[in-house]
Amino acid sequence: MVEPLKKSGKIERKGPVVLVIMDGVGFGKYKDGDAVAAAMTGNLDKLYATCPWTKLKAHGVAVGLPSDADMGNSEVGHNAMGAGRVFAQGAKLVSNAISSGDMYKGATWQKLVKNAKDNGSTLHFIGLLSDGNVHSHIDHLKAMVAEAKKEGVKKVRVHALLDGRDVGEVSALDYFDPFAEYLAELSADGTFDAQIASGGGRMVITMDRYNADWDMVKKGWYTHVLGEGRQFASAHEAIETLRAETGAIDQDLPPFVVAKDGKPVGTIEDGDSVVLFNFRGDRAIELSRAFDEEDFKEFDRKRYPKVEYAGMMEYDGDLHIPAQYLVSPPAIDRTMAEYLCASGVKQFSISETQKFGHVTYFFNGNKSGMFDPKLEEYVEIPSDKVPFEQRPWMKCAEIADRVIAEIEGGKWDFIKLNFPNGDMVGHTGVFEAVVCSMGMDLQIGRIREAVEKAGGVMVITADHGNADDMYEHGKDGSVKKYEDGEPKAKTSHSLNPVPCIIYDPEYKGEYSQKLEEGLGISSIAATCMTLLGFVPPADYDKSVVTLN
């Protein structure tokens with residue numbers, strides 16, 4: 001339980017504070033491919049011209065991810081906004097889960113281990129073998145292999161990808177050789193058999209991202225799962241031989257299969273368990289789909305083994321990829337919604353199906369249910385069951401209809417809503433559809449009018465970027481293109497900042513019109529609390545609004 005918030009005595013409005021979350025809408029870095037900039041957004045344009053606003057960080061360390069190379073996502077974004085502080089996600093979360101032993105107590109790890117023991121089968125690990133700590137960390141893998149032996153698994157195979165991007169470009173043997181020795185030591189007593197089974201450069205096999213080159217994933221599948229490809233007696237031999245033959249650096253090394261007497265030592269078979277030990281999502285989603293989807297159509301898998309598959313984490317919370325994962329979201333306490341309930345604030349939350357859980361479950365710190373049903377109401381508008389590029393407007397009008405009705409009804413002190421368009425249509429990669437999805441601007445205009453009439457405040461923000469970066473760009477900023485000259489679509493989230501606009505038609509000089517800069521989206525909670533007339537908790541990340 002939390003204590004009620006103290007009143008600031010500074011701000012008091014007749015109408016509610018309305019938080020509008022434009023999912024996946026940021027400020028694009030490039031003109032080409034920025035569907036937000038390309039859209040007609042007269043209402044947003046007017047708000048930018050007449051209201052105080054600032055940019056907020058919505059990726060990387062600002063939302064608890066390991067580095068600023070990590071794109072934000074809807075789950076960590078709503079966690080940060082709702083919690084008012086940043087909780088460890090990604091690498092930190094995995095390291096903590098392993099060191100504490102919590103991961104091994106989890107249902108997914110136990111399920112995979114039991115499956116391997118019951119079937120007398122193999123536990124496979126696939127991932128990037130380095131200590132770069134951007135996609136993975138070798139220490140995580142070593143700990144899991146040792147734990148598997150401790151828990152009675154008899155056979156482990158590791159399908160190890162060469163890094164050369166987050167670590168030295170020809171440093172692979174600095175990791176592979178000691179790791180092979182480590183596996184040999186674990187296997188020395190004869191009760192355990194652990195070996196490296198396959199590998200290849202991360203930019204050649206397995207770790208494609210953004211659906212840019214499914215052939216990479218196909219090569220990875222054939223190498224790791226089927227054991228097809230050039231055979232070597234050891235990973236060391238493979239790396240040295242292929243380097244000498246190709247002159248390639250680690251990330252570009254061709255795939256290889258470790259074999260004995262002409263037979264691969266570690267194909268993936270029915271009854272096996274498989275862990276993708278990368279924690280970063282962008283280069284883990286496609287292989288996860290190949291393992292999870294029975295009706296997979298991106299390439300011919302030839303053989304689809306029945307395995308227990310898990311990722312290190314949930315790589316895409318929007319699409320729930322993969323179905324099983326080892327490390328759960330962080331334990332978040334003292335969220336904004338809990339504080340507001342303790343303070344008697346009446347709250348209304350709404351989105352359509354695609355993001356309903358984000359303005360409720362994730363916003364509330366990964367907590368199902370309400371803090372106080374007497375003070376809260378959740379409304380889910382059912383999403384259309386058609387491809388999003390065919391209905392890019394989605395249910396933004398229906399959401400706006402209900403929000404306007406609730407504003408006019410005068411029951412609520414705080415209303416939060418999520419327009420999923422920019423993110424869900426953004427994931428399709430169809431530029432024209434994403435431009436059309438920004439038709440949510442019309443609904444923002446309607447809500448603005450209702451807020452003005454009610455004497456309330458509207459805060460507009462986003463959880464991360466996506467629609468603002470719809471084309472792949474090279475290091476020089478140029479648009480990558482297909483052979484036919486069409487731009488290469490980008491379907492992932494961006495690393496771009498997002499807006500925070502304060503529309504306050506009853507403003508009486510209570511706070512500075514110059515908003516704080518350099519903050520992350522975790523500042524949204526304190527901002528809304530301040531505008532509701534409360535003093536935010538002392539350990540919350542600061543509000544963009546500074547009281548006069």
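I would like to begin with D23, which counts as buried because its relative accessibility is 0%. Please keep in mind throughout that what we are looking at is a predicted model.

Where does D23 sit in the chain? D23 is found in the loop that lies between β2, residues 17-22, and α1, residues 35-38. If we set aside the neighbours within four places in sequence, D23 is in contact with S74, H78 and K355, with the run N418, F419, P420, N421, G422 and D423, and also with D463 and H464. The side chain of N418 is joined to that of D23 by a polar contact of 2.8 Å, and D463, although 440 residues away along the chain, has its C-alpha atom separated from that of D23 by 5.7 Å.

Is S494 buried or exposed? With a relative accessible area of 1%, S494 is buried, since the cut-off for that word is under 20%. Its side chain makes a polar contact of 2.7 Å with the side chain of D468, and the side chain of S494 also reaches the backbone nitrogen of N496 at 3.3 Å. Leaving out neighbours within four places in sequence, the residues in contact with S494 are M71, G72, G465, N466, D468 and D469.

Let me turn now to the strands, and to β5 in particular. On one pairing, β4, residues 122-128, runs parallel to β5 and is joined to it by 7 bridges, with H124 standing opposite R157. The chain gets from β4 to β5 by way of helix α7, residues 138-150, in a β-α-β crossover that is right-handed. On another pairing, β5 and β6, residues 193-201, are also parallel, over 8 bridges, and here R157 stands opposite Q195. With α8 between them in the unit, β5 and β6 again make a right-handed β-α-β arrangement.

In soluble globular proteins, nonpolar side chains tend to be buried together. The largest nonpolar core in this model has 76 residues, and those with the most contacts inside it are M103, F125, V156, F176, F256, F291 and M312. Helix α8, residues 172-187, gives the most to this core, namely 8 residues. Apart from it lies another core, of 45 residues, which includes V18, V379, I381 and I407. To return to one member of the 76-residue core, F291 touches I126, W221, V225, I268, V274, Y304, V307 and Y309, when residues up to four places away in sequence are not counted.

Finally, the protein as a whole. It has 18 helices and 17 strands, and buried residues make up 60% of its 548 residues. Among contacts with a separation of 6 or more, 79% are between residues 24 or more positions apart. The C-alpha atoms fill a box of roughly 80 × 55 × 40 Å along the principal axes. The radius of gyration is 25 Å, which agrees with the value near 24 Å that a compact globule of 548 residues would have.

Notes
Residues numbered from 1 in each chain as written. Predicted model: local features only at pLDDT ≥ 70, side-chain atom pairs only at ≥ 80, totals over all residues. Heavy atoms only, no water. Core = buried A, V, L, I, M, F, W, Y, C linked by side-chain atoms within 4.5 Å. Buried < 20%, exposed > 50% of the residue type's maximum accessible area, 1.4 Å probe, protein only. Helix = DSSP H or I, 4+ residues; strand = E, 2+ residues; numbered from the N terminus. Contact = heavy atoms within 4.5 Å. Polar contact = N/O pair within 3.5 Å; in protein donor to acceptor, adjacent residues only side chain to side chain. Pairing = 2+ DSSP bridges. Right-handed = clockwise from strand over helix to strand, strands pointing away. Rg over C-alpha atoms; globule rule 2.2 N^0.38 Å.
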